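Please read these points with the coordinates open.

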Amino acid sequence: MNRMRRNIFSSALAGLGAAFSVRAQEQAGAPVVAGRTGYTPVRTLNGVTLPYELKDDVKEFHLIAGEFEHEFAPGSVATCWGYNGRTPGPTIEAVEGDRIRILVTNNLPEHTTIHWHGILLPSGMDGVGGLNQPHILPGETFAYEFTLRQHGTHMYHPHADEMLQLAAGMMGMFIIHPKDGEPKPIDRDYVMLLHNWAMHPGTSRPDPSVMQDFDLWTINSKVFPAIEFPVARTGERVRIRLGNLSMWNHPVHLHGHQFVVTGSDGGRWPETLWRPETTEIVGVGQTRDIEFVAIPGDWAMHCHMSHHTMNAMGHEVPNLLGSDQSEADKKIMSLVPGYMSMGAKGMAEHQDHSMHMPGPRNTLPMMMGTGPFGNLEMGGMFTVVKIRDDLAPGDYRDPGWYPNPEGTVARRVAGPAVAAPAVDHSKMDHSQMDHSQMDHSNMDHSKP
Ligand SMILES: [Cu+2]
């Protein structure tokens, strides 16, 4: 066997091995021990990692831009645009030094391109339609090919009719692992892409003209409680890679930990630049990596802009806090079935109402989700990081709610044993309510 043939043979074998191990990882869903020879594959909650085929030492990926139905949470489905039938598109994952080829097929009704956000590459591969390349017309497939000269948390999105195409959901994450492994091995590596959507109540297509008043705030295009819970075992090193392609900045807050901000699309920062925080702003167009050693419990993780942890709500409403609206409500409800005014005592009562009062078609209630102690009164960019002592490595299943050790839960020490009802239902006229469109399957009948 001559030298050239031997090289081809061994690289083909290596290719087979790499492709096989990636597939094996996908099937097992198990983490690979981090270090100089490998990396812990990222996990895109509610999403997938894009498979590749190794062709002559080039990792070849295929993204297909198109239109499809996407569910933000049960009860809200929209016609969105994205890649391979999903938003965000599949996460691209590779290693510094890799040669990659990404085939992009356009099944949209208009032209598009893909910009590889933050990635060092030849100018002609940068994906700005009209500047770096001709647009990819409907039905065409373009090839992008370059060598990865960096590592870090990156994103991809169109640079053609951007305002509309991003608003419709076209975006994804692009993770490049360092070729020399991690200084501190990562046990779980999560990917979260933040976005916002203008899904006007009763409609089913995101409105691209909206600049500020968005209705849905999403992590990987899902709202709480439809977002999969990030889980970890006590003591594991967890990284969460946050990207923001929405139109707002998001101060992301994690409870119960001081995390360290360790990187961005500038790569993994030198340790001297790491800083401890509990809230980190992920600006529009930015990425941030946060890392922490897992502490047992159920820990809220959410954007700290309060309106970003709510679903669709009216923002142009008069403030009626402190006023009794029951008589006015009764009159309006006779004209507009399902009408609900802003709460007199607060807004928390809205979640109770959403159980039995339907809103407009295809519109989520403002607040959703129940925990072990009652309503969570959240929606949007909120999730719970669940950390348990007994979670097996690579087990990503929801472990349920945290069994708090005895004596470690805040308790009532004075006041009525049963909280006063938030709302006097006796004055409400339910006769006008339309029950025909209500889904009763999820109703909690255990409470009066
Ligand atoms: Cu936010």
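1. Leu216 is in contact with Phe72, Asn196, Trp197, Met199, Val223, Asn311, Ala312 and Gly380, leaving out residues up to four places away in sequence. Contact here requires C-beta atoms, placed from the backbone, within 7 Å of each other. This is a predicted model: local features need pLDDT of at least 70, side-chain atom pairs count only at pLDDT 80 or more, and totals for chains, interfaces and linings use all residues. Residue numbers start from 1 along each chain as its sequence is written.

2. Buried means 20 or more other C-beta atoms within 10 Å of the residue's own, exposed means 12 or fewer, and partly exposed is in between, with C-beta atoms placed from the backbone.

3. Ten of the ten residues of strand 11 (residues 188-197) are buried, so the strand is largely enclosed by the rest of the structure. Strands (E, at least two residues) are DSSP runs numbered from the N terminus. Arg188, Tyr190, Met192, Leu194 and Asn196 point one way, while Asp189, Val191, Leu193, His195 and Trp197 point the other way; all are buried.

4. What does strand 11 pair with? Pairing needs at least two DSSP bridges between two strands. Strand 14 (residues 237-244) runs parallel to strand 11 over seven bridges, with Asp189 opposite Arg239. Strand 1 (residues 43-44) is also parallel to strand 11, over two bridges, and Thr44 has Val191 as its bridge partner. Strand 12 (residues 216-219) is antiparallel to strand 11 and joined by four bridges; there, Trp197 is partnered by Leu216.

5. A separate point is the open sheet of five strands, ordered 13-24-21-15-19, with mixed pairing. Strand 13 (231-233) and strand 19 (279-282) are at the edges with a single partner strand each, so one side of each has no neighbour in the sheet.

Key: Contact = placed C-beta atoms within 7 Å.
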